[in-house]
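This report is written for a reader who is meeting the structure for the first time. It takes up a few helices and strands in turn.

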Amino acid sequence: MASNLPKLLLLFYAISICNAVTIPAPISDSHRSAALEIFDASSSSLEDAYEALKVFEILAIENKPDVSATTCQKVVENLGPSSRLKDLFFALKVDGILKCKVDRAVFQDIASRLKATVNDATTLVDMYYTIGSLVLIKDQAPDVDVLLADADGIFHSIKALSQSDGRWRYSSDNPESSTSAAGLALEALAGVISLASSEIDQSRVNTVKSDILKLFDSIQKYDDGTFYFDEKFGGGREHQGSLTTTSSVIRGVTSFAAVTSGKIDLPGDKILGLANFFLAIGVPGSAKDFFNQVESLALLESKRVPIPLVLSLPATVYSLSKEDQLKVRVNTVLGSAAPPLTVKLVRAFHTDAKGSAIIADKELQYDQSSGLHVMGVFPDNVDVGTYVFVFEMVLHDSGSENIYATGGQIHVPIYVTGIAEVSNAEIAVLDSDLGSDATQKKLDLAGTDVVSLSANHLQKLRFSFQLITPRGHAFKPRQVLLKLRHEKTYEHIFVVGNTGKKFEIILDFLGLVDKFYYLSGRYDIELTVGDAVMENSFLRPLGFVELDLPEAPEKATRLPPLPVDPYSRYGPKAEIAHLFRAPEKRPPQNLSFAFLILTLLPFIGFLVGLLRLGVNFKNFPSSAVPTTYAILFHLGIAAVLLLYVLFWLKLDLFTTLKVFGFLGAFLMLVGHRILSHLASTSAKLKSA
């Protein structure tokens, strides 16, 4: 394992550069490609079909499958009087997208039934589906009467389920409150307002707005600034994940904001944090999460609440050696163009010196051709390292501040990389007593030169070199390791220290003889230098040193067992030599043949006896059917005898038994028939 340590470190640095930080980016073509793979609009469930169709509509996917005929047939089937409220609700939602040819009389019948039962609903879910269905009918058949005469009473019934913290209960019998239920309640209240035959009391509407603000007071926050709503177990209901819960709240809040006058004073940083929560997920793996993500982002961009503007960076790793430019993109959550604005770099500081800013109050230039805000090359005081850049978006039109949410200052981790120059590399063998250089050689670490050295236990090995950044400053990578590997594969790793201007290590062999197990011989020298921001991290052999160490004393540390390669268990195994028992002595071949002839004598005697006595065919049947059975019976006996011979020569016991089973059944059948015939013939002769 130790031999792979430097390689693992270099691999870690490469991964850390590639995955330095993930900045939420707007919806892109990767979502559109994934939607076609994840969703099946022809699903037997209308809820699944609606989610697929809605995602295709929001993302403006053109080459989506055409399922209008089959899906509309399911819609018509679920608009009947025997359908459940949930099935009716999603049938109307699908019809709103596909525009199925539904008669006005069907809508009229559904509206009459729902208006008659809306006051009898006892749970929040039933009221949600009932009122939601009426709202959908209002949108699809405006001439159908769906107005609620007792809208105030229904509004009060739903509001009675609210709690002091902004959450709602699912029913009056359930004391547990739920954040997801709050989203359903707000959506249902929005439906009541749009269906009311007369205006709802404004004081009740303002009370609900206060409940929304209380609900946002309980919002959760991650360390990266994203906000979300979480659910708790309660009322025996299944636990809802934070994605589903947050999506439910956004649907409720945006629906209520769309039907009420006045502004709901929601903090812009929380709106932007909710958008970043959905965007940070990337492309969800399940259809339900994908739908909740896309629909919620579309609702946040529907102007019912301040539209969040997303600041994203095409890259968070920039190379000084390649003179990369810092670029920033600003879009809405669905990728639409942002209004006229300026992106400011408020400050930038090194992660090891947060108190001192290296860049302050710098305005990025907008490139109209690419739609990016560009800073240009990094100033001279920005060297390789990890930084935090603090951005701020400033809208040109002050009136747009009520329309868009910029979220204040945005902190983005930035990695600045570069090629470190390696210079003044020296390796020397020192006399321990005098400290003078017995042997000193210079190294070109950028090349392939290697050195050969020799030393004894009374001498020291010194190695030093310098690293310079592209800005000319001394660079201190996170890992600098020097490895000595004995020819018997024992190896020792040392950390090379930093003296400020250079890296240096001195190995005193007198103090290391016990660690080296008093093993003399050749030691290969290898240097590993790596850092996440060092583009030319390397693992390089330097050469070897021939060590002459004293004999090991009696109490010296014993050699540890050599490390076993874990993959050796899958390699070829050692050949196993079997020792078989010597075969027993066999009789002479002539004697074996003599016994064979003796075993055949009874059979020969049987044949001779048949010839002497004569074969009797008097009882052999003469008619066609009995004759056939007699011939088959004798052939079956012959087949059995042949099977015995084959068993003796080549067949195994199991195969022989299988064949014998079929032959036995055959002999039983034909033998019974021929023997019955002979018995019948004999009986007739005796009676005659």
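## Helices and strands in a predicted model

At the start of helix α17, a side-chain oxygen of Asp-652 comes to within 3.1 Å of the backbone nitrogen of Phe-654. The model described here is a predicted one. Helix α17 itself runs over residues 653-687, and its 35 residues reach 49 Å from the first C-alpha to the last, which is close to the 51 Å expected at 1.5 Å a residue. Its buried residues are Thr-656, Leu-663, Leu-667, Val-670, Gly-671 and Ile-674, and the buried residues of α17 pack against α16, which spans 624-649.

Helix α8, made of residues 151-159, has Ala-151, Ile-154, Phe-155, Ile-158 and Lys-159 as its buried residues. Seen down the axis of α8, these buried residues fall within an arc of 135°, and they therefore line one face of the helix. The partners against which the buried residues of α8 pack are α7 (124-140), β1 (168-169), α9 (179-195) and α10 (202-217).

In helix α11, which covers residues 242-259, lies Ser-247. This residue, Ser-247, counts as buried because its relative accessibility is 0%, the cut-off for buried being under 20%. Leaving aside residues up to four places away in sequence, Ser-247 touches Phe-278, Asn-292, Glu-295 and Ser-296.

Turning to the strands, five of them form an open sheet with mixed pairing, in the order β6-β14-β12-β8-β9. The edge strands are β6 (317-319) and β9 (353-363), each of which pairs on one side only, and the twist averages 30° from one strand to the next.

Strand β18, at residues 459-468, has seven of its 10 residues buried, so it is largely enclosed by the rest of the structure. In β18, Leu-467 is the bridge partner of Val-422, while Leu-461 stands opposite Leu-507 in β22.

| Strand | Paired strand | Sense | Bridges |
|---|---|---|---|
| β8 (residues 341-350) | β12 (residues 385-395) | antiparallel | nine bridges |
| β15 (residues 421-431) | β18 | antiparallel | nine bridges |
| β18 | β22 (residues 503-508) | antiparallel | six bridges |

As background to these pairings, strands of a sheet pair through backbone hydrogen bonds, in either a parallel or an antiparallel way.

How values were computed
Residues are numbered from 1 along each chain as its sequence is written. This is a predicted model: local features need pLDDT of at least 70, side-chain atom pairs count only at pLDDT 80 or more; totals for chains, interfaces and linings use all residues. Side-chain values use heavy atoms; hydrogens and water are left out. Two strands pair if DSSP finds at least two bridges between them. Helices (H or I, at least four residues) and strands (E, at least two) are DSSP runs, numbered from the N terminus. Axes are lines fitted to C-alpha atoms, for helices over the stretch in contact, and angles run from 0 to 180 degrees between N-to-C directions. The expected span of a helix is 1.5 Å times one less than its number of residues. Buried means under 20% relative accessible area, exposed over 50%, partly exposed in between (1.4 Å probe, protein chains only). Contact means heavy atoms within 4.5 Å. A polar contact is a pair of N or O atoms within 3.5 Å; within protein, one must be able to donate a hydrogen and the other to accept it, and residues adjacent in sequence count only if both atoms are side-chain atoms. The arc is that of the directions from the helix axis to the C-beta atoms.
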